[in-house]
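Colleague: Before we go through the terms used for this structure, could you show it to me?

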Amino acid sequence: MAGEQVENRGVKYKSSIKDPGTPGFLRINEVMLLFVPNDPKSDSKLKLQTKNIKSHKNTKEGSSKPPWLHLTTYQGRNHIFEFENYPDMHTCRDFVAVLIKSDEEPKKAAVSTSTEQLSIKEFELRFKLLKENSELQRLHKQFVESKVLTEDEFWATRKKLLGRDSIRKSKQQLGLKSMMVSGNKPSTDGRTNRVTFNLTPEIIFQIFAEKPAVRQAFINYVPSKMTEKDFWTKYFRAEYLYSTKNTAVAAAEAAEDEELAVFLKPDEILARETRQKIRRVDPTLDMEADEGDDYSHLMDHGIQRDGTMDVVEPQNDQFKRSLLQDLNRHAAVVLEGRSIDVDSEDTRVVAEALTRVKQVSKADGETTKDANQERLERMSRVAGMEDLQAPQNFPLAPLSIKDPRDYFESQQGNVVNVPRGAKGLKRNVHEAYGLLKESIVEIRATGLSDPLIKPEVSFEVFSSLTRTISTAKNIIGKNPRESFLDRLPKSNKDEVLHHWTSIQELLRHFWSSYPITTPYLHTKVGKLKDAMSNTYSKLDAMKESVQSDLRHQVSLLVRPMQQALDAAFQHYDADLQRRTAKSNGGERPNGYV
Amino acid sequence: MPSVAFKQYSDDVSLLVLLLDTNPLFWSNTSITFSQFLSHVLAFLNAVLGLNQLNQVIVIATGYSSCDYIYDSSLTSNHGNFERSGTGMPPLFASLLKKLEDFVTKDEELSREEGHEDRTPSCLLSGSLSMALCYIQRVFRSGHLHPQPRILCLQGSPDGPEQYVAVMNSIFSAQRLMVPIDSCYIGVQNSAFLQQASYITGGVHHTPKQLDGLFQYLTTIFATDLHSRGFVQLPKPIGVDFRASCFCHKKTIDMGYICSVCLSIFCEHHKKCSTCGSVFGQSKLDEASSVSDKKRKAPHT
């Protein structure tokens, strides 16, 4: 197939049947379909991937229509090509047909492998379900292992069980620590005048999440300008300077060291983000962002990290950082949650991932002019006051309320009945009414009959009622809620219930396989029928084996199951007869003249 | 005084709505005559009224073409001294009988008017059930101090399958209102409607074997009020006939087709549901037969 293609010069491309068609050149190979119109100015050039072609239709040779080949793609588009003569069209069509078939096969193979792949996870799920539910396990053992049903069929009706479990199994995301680890106090060693900071990946993640400027600096400086160790040393020097509250020293060092200055001045990226957020606040109602979100410029109390207040000269204002700012930023980051799932030890990877995430969210949030306009429109719509607006005359659809009597009368009109002579009926009715009226007159005259009821009759009634009630009590049980099942010995009860569930399962698969259209269904139905006959005989055996006083009740219980099975057998036999009759349909039976 | 009334209201005050079958086609050929039947029933009503001072009885006659309220024990006009038409008739029921006679006359006229209709000789159970439920609903809304209502259906006519939908609707309403429907069937065949009604609403269904002991049956089984049924053993039927009738031909069927939207029952395949109008998809059977037809055509052309 490689390299094979079909080319055709005199082809016209029509986008619909009415379109006169643009003449051009068509080439189809196994990857692509290309149509180039002869006229370079027309713009109906078409380029399709052949794997998108779903089906093809063509006009017949003998008909009066011109030779057309109609291709439909998976995207739902139709393309019609008109050829010069039928043989050309046929070659193209055959080629396309072969392509479509070969496309389907790998798709099918892909689908089946993907189902196999899915199953590995599903297998575990199924196994777990089976372990938990012993009833299910019993059914599974009975049917799937005796090859009556396949695995897929068995689980096909239980998608709900599988689906719900898989949702439960989805991993929960770990959140961030609410403790501010990035503000760890270092251990100081007074003797050697050294300050040691601890750095773990968790701390690094928090630092990058809370301080985008540090992250940006990391990406910029490491490894080009300095090593990671140097970077962190500088960072912690800045932290130390903050903690000493010596803003003069901080200013001095910032002036010297450019990189250090990055850590010491306020976070520019953060400020930019908050400014943007505030700009986008919906004036009608938006509790998400307001001035208070800009915590880097808050009017705070001047409380430093360790709780002391300090007064500072204005020019060194930027070198101080307050507790409020840090807390707010940390809280905001914790509430956002862990935005990336990267578990890597590599700091750079973490930094880049975070930057990517922030960029994506920024791109989403970026408001273009159109988006702005749309937002303003939406706001004006939402904030509109109803009584100031013009009256909206919605088109009304008339109610069509039907007279409910029609429904009942239409039901009456379809009665099928024993036909009776009309006149005869009328006479009957008239006579009957006459008799009735006579009775009423009679009782008005004579009053209630005396004695109302003979004592023997009364006694008989009493005894028969007593008998009925006591036998019913024995059979059904004292408690009206209690059913006969509970009075059976446990093994019998379990057996009956199990038969019931297995019969349900079998019947469900049986009835869903009809009408039989493929040989697969045919074999499936055959297997199911054998299993059902098996169960039927088991039911009979159970009826025999049970104790004699319970036998009648058990047979009553079992009767509907057997009736359902009988109905299924009948249907099977009738269908089989119909099939054999059909397959012998063409032949005339012997002896037919 | 409201406090006295409250004290008098014990647990076993009942409101009995009796649906009396007055279908002439049934009564023209039974072993028991209508007058004997009436005397049993009237004595039973008297007994119910005697059980508790606050008991109430309503009688609704179920005719061939119509239904009507015949008697209401809570109306005071009954207690007056009505014209003494006969020797033995207690004045309590004289008005009942008068109204019954008027009703039968009216029913006859109606059936004559609507001409002959080939329908089963059934009584209009759906109509009388609806009337009973309306009355009970009114009682419920009269205040929170009211007797406990129940419906007793005394019927001998067979079921009219054309009334299946209406009867089932009434039964479900009764179930909702928690009103038990007792049924005493004195006819020949079995009534599936009444069995289902009693089963679903928690009432008692019984088919008396001896019709001349009808009074004994009525007082033993159907006179118990709802409170006492908790500790009185009443006869229970072993099985219930749950067959439905199809909506298209009103035949009683065991297996059929059901619309998945409105649950209407049909005995044969339809293209469209006649109740809710939803269109059914093409049946697989049709598809299979049409496909096989196409296949058969090919070798012949």
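Modeller: The crossing of α3(B) and α4(B) is right-handed. This is a predicted model, in which local features need pLDDT of at least 70, side-chain atom pairs count only at pLDDT 80 or more, and totals for chains, interfaces and linings use all residues. Residues are numbered from 1 along each chain as its sequence is written, chains are lettered from A and ligands numbered from 1 in the order in which they are written, and side-chain values use heavy atoms, with hydrogens and water left out.

Colleague: What makes α3(B) oblique to α4(B)?

Modeller: Helix α3 (residues 34–51) of chain B packs with helix α4 (residues 91–113) of chain B at an angle of about 135°, their axes being 12 Å apart. That angle makes the pair oblique, since under 35 degrees counts as roughly parallel, over 145 as roughly antiparallel, 65 to 115 as roughly perpendicular and the rest as oblique.

Colleague: Which residues of α3(B) and α4(B) meet?

Modeller: With contact meaning heavy atoms within 4.5 Å, B:F34, B:L38, B:L42, B:L45, B:N46 and B:L49 in α3(B) meet B:L92, B:F93, B:L96, B:L97 and B:L100 in α4(B). The residues of this contact divide into 10 nonpolar, one polar and no charged.

Colleague: Why are β3 and β6 of chain B said to stand at the edges?

Modeller: Two strands pair if DSSP finds at least two bridges between them, and the six strands form an open, mixed sheet in the order β3-β2-β1-β4-β5-β6 (chain B). β3 (67–72) and β6 (205–206) of chain B each have a single partner strand, so one side of each lacks a neighbour in the sheet.

Technical notes:
Axes are lines fitted to C-alpha atoms, for helices over the stretch in contact, and angles run from 0 to 180 degrees between N-to-C directions. Helices (H or I, at least four residues) and strands (E, at least two) are DSSP runs, numbered from the N terminus. A crossing is left-handed if the near helix is turned anticlockwise from the far one by less than a right angle, and right-handed if clockwise. Ala, Val, Leu, Ile, Met, Phe, Trp, Tyr, Cys and Pro count as nonpolar, Asp, Glu, Lys and Arg as charged, and the others, Gly among them, as polar.
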